[in-house]
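Dear colleague,

Please find below the structure that I am handing over to you. My notes on what was found in it follow directly after.

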Amino acid sequence: MVTQSADAPAGRSAATPDVDVVVVGAGMAGIYLLYRLRELGFSAVALEAADDVGGTWYWNRYPGARCDIQSVDYSYSFDPELEHEWQWSEKYATQPEILRYLQHVTDKHDLRSMIRFSTRVDGATWDEAGALWRVRTTDGDEITGRHYVMATGCLSQPKSLDIEGAATFEGDVYVTGRWPHDGVDFTGKRVAVIGTGSSGIQSIPLIAAEAAEMTVFQRTPNFSVPAFNGPIPEAKAESIRGRESEYREEARWSRGGVPGERSETPALSVTDAERQDAFEAAWAAGELFAILGPFADLLVNEAANDTMADFIRSKIRERVNDPATAELLCPTNHPFGTKRPCLDSGYFETYNQPHVRLVDLLTTPIERITPTGIETSAETVEVDAIVYATGFDAMTGAIVAVDIEGRDGLALADKWTDGPRTYLGLTTVGFPNYFMVTGPGSPSVLSNMVVSIEQHVDWIAECLTYMRSEGLHTIEPTPTAEAGWGQHVNDCADITLYPKANSWYMGANVVDKPRVFLPYIGGVDTYRQICSDVATQDYLGFAMSGEDEQRCHDGVIFRLQPDAAMVFQAMADLGLPPIESMPPEGAREFMGAMSAERPPGPAVGEIVDGTYPAATGDLAYRLYRPATPGPHPVVLYYHGGGWVLGSQESDDPLCRDLCVRSDAIIVSVDYRHAPEHPFPAPVDDAWAALQWVTASAESLGGRPGPVAVAGWSAGGNLAAVMALMARDAGGPELAGQLLFTPVTDHDLSRPSYVENAEGYVLTTALMTWFWDHYAPESERADWRASPLHAPELSGVAPAAIVTAEFDPLRDEGQAYADALEAAGVPVTRIGARGHGHTTAGMVDVVLSGAAVRAEMARAIQWMFGTGVAGSDSPSVPITSSAG
């Protein structure tokens with residue numbers, strides 16, 4: 001029953017709902033959400049299919065079911081009394097204990113009266129006229145709510161069985177995610193277990209202890225480490241005792257939702273012995289985050305990951321007696337950690353028992369289930385019971401299992417046909433007043449779920465409180481915000497090894513499910529800050545409406561590449577003095593010290609150091625030769641540094657990277673620097689270098705014919721000037737010019753100088769310092785200093801111009817590309833989205849820059865006709881915009 005309300009949303013009447021908020025699910029998320037809503041004065045009801053609270057801990061009662069986060073962390077923080085009145089019996093609590101805990105919290109806070117048990121939701125429809133949700137149950141009831149929250153959990157919808165003949169089996173059938181509440185006795189039975197994910201690894205040892213025969217059918221072996229379960233470790237208890245609130249706050253601002261030091265050490269930067277010691281310590285800890293985190297790069301660097309994978313495989317071989325079985329149990333088809341690692345209690349040792357056998361489904365797949373057993377391509381296994389430990393339709397399954405219909409009849413399942421699209425993992429366009437707790441696009445399963453649940457619930461509660469105080473009735477994310485968030489989630493995943501695995505993180509365990517990375521991997525701490533920033537910035541990315549107003553603060557909350565953002569934050573945290581506060585010599589020493597700490601970049605075939613005849617005497621060069629047979633195209637490279645800093649080796653990692661990617665010789669030349677040698681001295685040296693490289697190309701091992709010029713920043717300025725001078729002098733003929741975030745003008749009033757004035761390494765103040773050293777005001781408009789001011793741009797070599805989104809030089813780089821195009825010059829534009837002036841070139845530091853450098857290399861190949869434009873990445877082709 002609903003009645004009309006006088007406080008209708010703008011432009012339409014509104015109905016008064018039965019409750020303010022309808023919640024689906026009474027697991028860990030639903031329980032806390034009900035508590036928060038009641039405390040804030042909202043009416044709410046939770047609809048729960050089970051006959052008690054608990055969610056996943058109600059349904060998952062299979063033998064051995066435990067949390068894989070330590071019990072003291074896998075618990076609520078909102079009620080300080082719980083820290084003392086509930087004492088966990090084990091390091092990793094079992095399902096019954098966790099369920100009792102959730103029942104205790106529910107009863108303590110008298111929440112049962114707000115829950116309708118044994119009530120399954122069939123569908124929910126947004127009522128546009130009434131500005132409310134109509135939620136239908138399978139028993140035919142309807143309840144209306146202003147807001148609708150899915151608190152259904154990430155791992156609560158078992159995946160459908162997709163094995164031929166499964167329905168014909170006449171024995172006992174069990175699914176780990178829907179285990180009988182009164183338990184199962186396998187004594188004397190022949191049991192088959194299909195699946196070796198988390199539930200299989202936890203249940204197999206206990207089922208094997210009862211069964212007369214056990215056959216485990218494994219498709220994909222998983223990485224697992226011993227939990228070493230037992231009493232709560234005293235060191236852990238001591239780290240919390242007497243400082244519970246501080247510990248909880250540390251968890252909220254940690255990367256994974258559990259306090260702990262974050263390693264900054266790359267795995268390959270230490271000796272083999274040191275690395276082995278670190279792995280052994282992580283193994284002995286018996287903790288998920290310990291085994292994932294002894295080194296900083298295990299999940300982003302495949303070579304580093306291989307060292308940990310090899311270590312765990314060696315441990316598996318130690319634990320399993322039969323070498324052939326041990327090898328089958330060793331994961332080899334995905335990097336360590338890209339599928340959720342498991343914590344086990346005697347799992348691998350189970351295979352040492354004579355009545356336990358492993359069947360490898362990769363070599364002998366299941367063809368069908370028969371009435372009496374399982375038939376593979378090699379044999380028929382007769383069994384009395386089958387246990388399906390085949391996992392869940394993770395992250396999205398429980399959500400789309402409900403028929404949710406939003407604005408204009410849009411079904412959520414249809415909107416998500418190609419993968420879920422959300423804003424913050426909390427909301428989705430087209431579904432007003434609809435929220436998800438730990439939905440796709442949030443940290444959820446990559447974190448301590450309890451910390452992520454509390455953060456989501458708190459954000460939703462505070463949002464509803466804000467709307468109430470402002471007289472607002474509806475909230476919905478904007479398409480811009482949702483698309484931006486999706487891009488950021490993908491950016492975070494793309495710099496890791498996670499997409500390399502066919503995991504449930506990617507939806508790969510469910511037939512026909514789109515292959516997209518589902519959770520947010522940027523970290524609990526980063527995510528919490530982003531959500532806070534959304535709220536404090538007037539709910540950026542949301543449209544809201546009230547009785548007499550519409551509000552919309554559109555935008556994208558996080559546009560930086562995640563690793564670029566980390567670099568900028570690290571630089572800020574160091575508190576280093578600004579370069580512009582130093583004299584040139586001090587700045588050179590400072591930059592030299594910084595460069596000494598960076599990774600070297602990829603190996604090339606050969607590096608040759610020498611000198612070339614510059615304008616007033618010999619200067620140094622460094623040549624990078626590919627390992628492939630020559631002769632190769634030749635690229636003359638001018639280093640960056642604002643005409644003040646740098647040398648022929650200062651951009652060494654970048655030159656190595658371009659050499660390997662483009663299969664071209666890169667010749668990096670030094671030139672005289674300001675203020676000792678101001679404009680036009682660097683121009684004169686750059687011109688002399690071009691004359692020398694062109695004449696010496698063949699003797700340097702290069703191909704005869706035109707060379708290309710390239711440069712970064714001030715070096716890009718020199719490369720652009722060289723293209724103009726070569727045209728005016730009638731040669732040398734150039735194959736092209738690659739300008740990487742170049743200086744093209746002396747005008748510091750462009751919007752990019754205002755938007756990106758500080759915080760991105762190259763600042764407006766630093767650029768002013770560079771110009772003040774390089775050229776007096778009276779000479780800066782000279783086209784040899786500011787090539788954008790050249791009286792004529794036509795007839796120069798084809799250009800590839802890279803501009804970075806968060807770069808003070810962005811607008812002048814784009815202006816130069818525009819001017820060249822207008823003059824009929826073929827121009828390839830390469831956008832370094834989410835990058836600053838420096839980050840796309842930071843080889844092996846900012847991994848997202850690799851895509852930009854790959855495009856740069858393809859542009860070099862395009863100039864020389866040695867490659868097909870875009871062949872390495874068809875989704876990001878190199879295209880010419882003129883000529």
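I begin with Pro-732, which is found in the loop between α21 (714-729) and β29 (734-740); helices (H or I, at least four residues) and strands (E, at least two) are DSSP runs, numbered from the N terminus. The peptide bond that leads from Gly-731 to Pro-732 is cis, with omega near 0°. A cis bond also joins Phe-679 and Pro-680, with omega about 10°. Pro-680 has its place in the loop between β27 (665-669) and α20 (681-696).

Before going further, please note that this is a predicted model, in which local features need pLDDT of at least 70 and side-chain atom pairs count only at pLDDT 80 or more, while totals for chains, interfaces and linings use all residues. Residues are numbered from 1 along each chain as its sequence is written, and side-chain values use heavy atoms, with hydrogens and water left out.

Asp-538, although not a glycine, has a positive phi of about 55°. Asp-538 sits in the loop between α16 (524-536) and β22 (542-546) and is exposed, with a relative accessible area of 55%. (Buried means under 20% relative accessible area, exposed over 50%, and partly exposed in between, with a 1.4 Å probe and protein chains only.) Ser-713 likewise is not a glycine and has a positive phi, of about 60°. Ser-713 lies in the loop between β28 (707-712) and α21, but counts as buried at 6% relative accessibility.

As for the chain as a whole, it holds 25 helices and 31 strands. Its radius of gyration is 31 Å, which agrees with the value near 29 Å that a compact globule of 883 residues would have; the radius is taken over C-alpha atoms, and the globule rule is 2.2 Å times the number of residues to the power 0.38. Along the principal axes, the C-alpha atoms fill a box of roughly 90 × 75 × 55 Å. Of the 883 residues, 58% count as buried.

Leaving aside residues up to four places away in sequence, Trp-485 touches several residues, including Leu-424, Gly-441 and Ile-557; contact means heavy atoms within 4.5 Å.

Thr-106 lies in helix α4 (residues 95-108) and is buried, with a relative accessible area of 0%. Arg-421 is in the loop between α13 (412-415) and β20 (434-436) and is partly exposed at 41% relative accessibility. Beyond its neighbours within four places in sequence, Arg-421 is in contact with Lys-415, Trp-416, Thr-428 and Glu-482. Arg-219, in the loop between β11 (213-218) and β12 (224-226), is partly exposed as well, with a relative accessible area of 49%. The C-alpha atoms of Arg-219 and Glu-482 are separated by 36 Å.

With kind regards
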